[in-house]
Amino acid sequence: MEIKRIEKGSIEIPTASTGDIAFLLIVFFMVTTVFRAEQGLRINLPAAENAKKLPNKGVAHIWIGEDGIISIDDNIVPVSYVGILQARKAAENPGLITSVEADKNVNYGVVNDVFDELSANKVLRISLATKKRRI
Amino acid sequence: MRRPKRSESSSIPTASTGDIAFLLLVFFMTTTIFNNELGLQIVLPEKGETVKVKSSSIAHVYVARDGSVKIEGKNVPIDKIEDTAIDLLTKGHTVKADTNLIFSMKTSRFCKYGVMITVFDNLKKAFNTLNVPEKISLKPSPISEEF
């Protein structure tokens, strides 16, 4: 019996398109990248089931730490400044959502004062930041 | 004078574009943070804005400093908040929910924020279960009155 010899052609994986693939991925990551503008505070968020996803843009944050410290744009601010600072941001961007990232162990009084400040300055669209609770 | 004719084909070397692209790719991959912020949306009432509402269409919710919850004057355990709210919205028997009912939520200044969120979340859940628009209002809790 005769066994046919397998022809020895040069076997190569075509690599001409790797660059294109890489560029495609780059474009994807460039578009999806959001550079973190602020550091914020170290916060233990409460969990909720009905939390909705926030949009990528048009969100301003207020951090409220466990000890009642309030941080906006990485500056520690007194409560009385919160309203003015956020109102200024809201004036630039009318659809702005203010995300209040408060620690779950902070006293509600602090959060209440922040809400008071915001409503006094007509910043009314609020989101209470939470984690997702798995049902 | 005559210029010597160049016959060499001049081309930009493209062999390394792939490498450059991968380098950039790695950079963007490592710096990317996917946005996964979650939150409970709410619209605060404007200060000074008073809307007259029939007292019968308000359900009062109190969250005390020890985390106990009172709905319409009755103590309600945390895991029963949703059921109680559904009962109030449907008036116990009717299938159709009363869409005019507003939950007015008041929280003690010394209550933990996490407890308040749990209560708020449970109220929201009741509205979502019945598929009616949410009507939850956060009442300010001044320092002067403590309960």
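Modeller: A residue is buried if 20 or more other C-beta atoms lie within 10 Å of its own. Keep in mind that this is a predicted model. With that cut-off, helix α3(A) is mostly covered, with 11 of its 13 residues buried.

Colleague: Which residues in α3(A) are buried?

Modeller: Among them are Y108(A), V111(A), V114(A), F115(A) and L118(A), but also N112(A), D113(A) and E117(A).

Colleague: And how far does α3(A) reach from its first C-alpha to its last?

Modeller: 18 Å, close to the 18 Å expected at 1.5 Å a residue. After the helix comes K122(A), which has a positive phi, near 60°.

Colleague: What does V111(A) touch, leaving out residues up to four places away in sequence?

Modeller: I64(A), V100(A), A102(A) and V106(A), plus Y113(B) from chain B. V111(A) also belongs to the largest nonpolar core, which has 47 residues; together with I64(A) and V114(A), it touches the most other members. The largest share of that core, 9 residues, is from helix α3 of chain B, residues 113-130.

Colleague: Why would nonpolar side chains end up together like that?

Modeller: In soluble globular proteins, they tend to be buried together.

Colleague: OK, strands. Is β6(A) mostly covered or mostly open?

Modeller: Mostly covered: 5 of the 6 residues in β6(A), which spans 97-102, are buried.

Colleague: Which strands does β6(A) pair with?

Modeller: One is β3(A), residues 59-64, in the parallel sense over 6 bridges. There, A60(A) sits opposite T98(A). Another is β7(A), residues 125-132, also parallel, over 3 bridges. On that side V100(A) is opposite L128(A). To get from β6(A) to β7(A), the chain crosses through α3(A), and this β-α-β crossover is right-handed.

Colleague: Last one: what are the confidence scores?

Modeller: Chain B averages a pLDDT of 79, and 84% of its residues score at least 70. The model has an ipTM of 0.72 and a pTM of 0.74.

Key
Residues are numbered from 1 along each chain as its sequence is written. Chains are lettered from A and ligands numbered from 1 in the order in which they are written. This is a predicted model: local features need pLDDT of at least 70, side-chain atom pairs count only at pLDDT 80 or more; totals for chains, interfaces and linings use all residues. A residue is buried if 20 or more other C-beta atoms lie within 10 Å of its own, exposed if 12 or fewer, and partly exposed in between; C-beta atoms are placed from the backbone. Helices (H or I, at least four residues) and strands (E, at least two) are DSSP runs, numbered from the N terminus. Two strands pair if DSSP finds at least two bridges between them. A crossover is right-handed if, with the strands pointing away from the viewer, the path from the first strand over the helix to the second runs clockwise. pLDDT is the predictor's confidence in each residue, from 0 to 100. A nonpolar core is a set of buried Ala, Val, Leu, Ile, Met, Phe, Trp, Tyr and Cys residues joined through C-beta atoms within 7 Å. Two residues are in contact if their C-beta atoms, placed from the backbone, lie within 7 Å. The expected span of a helix is 1.5 Å times one less than its number of residues.
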